[in-house]
Amino acid sequence: MDSTIVQLPEDSSANTAIGMTILTLILIIMQIVRFKFARSHLEKSTVIILALIAIIVWALKFS
């Protein structure tokens with residue numbers, strides 16, 4: 001590794017996890033509302049898939 005590259009400090013206070021949890025919850029709530037107003041089966045399926053992807057990414061990253 002190049003010695004001129006500076007490494008950023010790690011976030012040891014867990015602020016990132018809290019922020020990402022709040023953002024993920026907002027995303028899931030938005031997807032639930034979108035699901036309620038979706039008319040086609042394809043749109044409902046897409047909403048469910050996007051919500052599941054968000055949950056999986058959050059779980060892999062922060063648990």
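Predicted model: local features only at pLDDT ≥ 70, side-chain atom pairs only at ≥ 80, totals over all residues.

Modeller: Residues are numbered from 1 along each chain as its sequence is written, and side-chain values use heavy atoms, with hydrogens and water left out.

Colleague: How are helix 1 and helix 2 placed relative to each other, and at what angle do they pack?

Modeller: In general, two packed helices are described by the angle between their axes and the distance between the axes. Here helix 1 covers residues 15–37 and helix 2 covers residues 41–62, and they pack at an angle of about 170° with their axes 10 Å apart. That angle makes helix 1 roughly antiparallel to helix 2 (angles over 145 degrees count as roughly antiparallel, under 35 as roughly parallel, 65 to 115 as roughly perpendicular and the rest as oblique). Helices here are DSSP runs of H or I with at least four residues, numbered from the N terminus, and the axes are lines fitted to C-alpha atoms over the stretch in contact, with angles running from 0 to 180 degrees between N-to-C directions.

Colleague: Which residues of helix 1 and helix 2 meet?

Modeller: Contact means heavy atoms within 4.5 Å. On the helix 1 side the residues include Met20, Thr24, Leu27, Gln31 and Arg34, and on the helix 2 side they include Glu43, Val47, Leu50, Ala54 and Trp58. By class, the contact of helix 1 with helix 2 has 13 nonpolar, four polar and three charged residues (Ala, Val, Leu, Ile, Met, Phe, Trp, Tyr, Cys and Pro count as nonpolar, Asp, Glu, Lys and Arg as charged, and the others, Gly among them, as polar).

Colleague: Is glutamine 31 buried or exposed?

Modeller: Buried means under 20% relative accessible area, exposed means over 50%, and partly exposed lies in between, with a 1.4 Å probe and protein chains only. Glutamine 31, whose place is in helix 1, counts as buried because its relative accessibility is 14%. Leaving aside neighbours within four places in sequence, glutamine 31 is in contact with Val47, Leu50 and Ala51. Threonine 24, also placed in helix 1, counts as buried at 13% relative accessibility, and, not counting residues up to four places away in sequence, threonine 24 touches Ala54 and Trp58.

Colleague: And how does methionine 30 read, buried or exposed?

Modeller: Methionine 30, which has its place in helix 1, is exposed, since its relative accessible area is 53%. From methionine 30 to lysine 61 there are 31 residues in sequence and 21 Å in space, C-alpha to C-alpha.

Colleague: How many salt bridges does the structure hold, and which residue does glutamate 43 pair with?

Modeller: A salt bridge is a side-chain nitrogen of Lys or Arg within 4 Å of a carboxyl oxygen of Asp or Glu. The structure holds one salt bridge, and in it glutamate 43 pairs with arginine 34, the closest N and O atoms being 2.5 Å apart. Glutamate 43 is partly exposed at 26% relative accessible area, and arginine 34 counts as partly exposed at 47%.

Colleague: What else does arginine 34 touch besides Glu43?

Modeller: Arginine 34 lies in helix 1, and, with neighbours within four places in sequence left aside, arginine 34 is in contact with Val47 as well as Glu43. Arginine 34 and valine 47 are 13 residues apart in sequence, and their C-alpha atoms are 7.2 Å apart in space.

How values were computed
Helix = DSSP H or I, 4+ residues; strand = E, 2+ residues; numbered from the N terminus.
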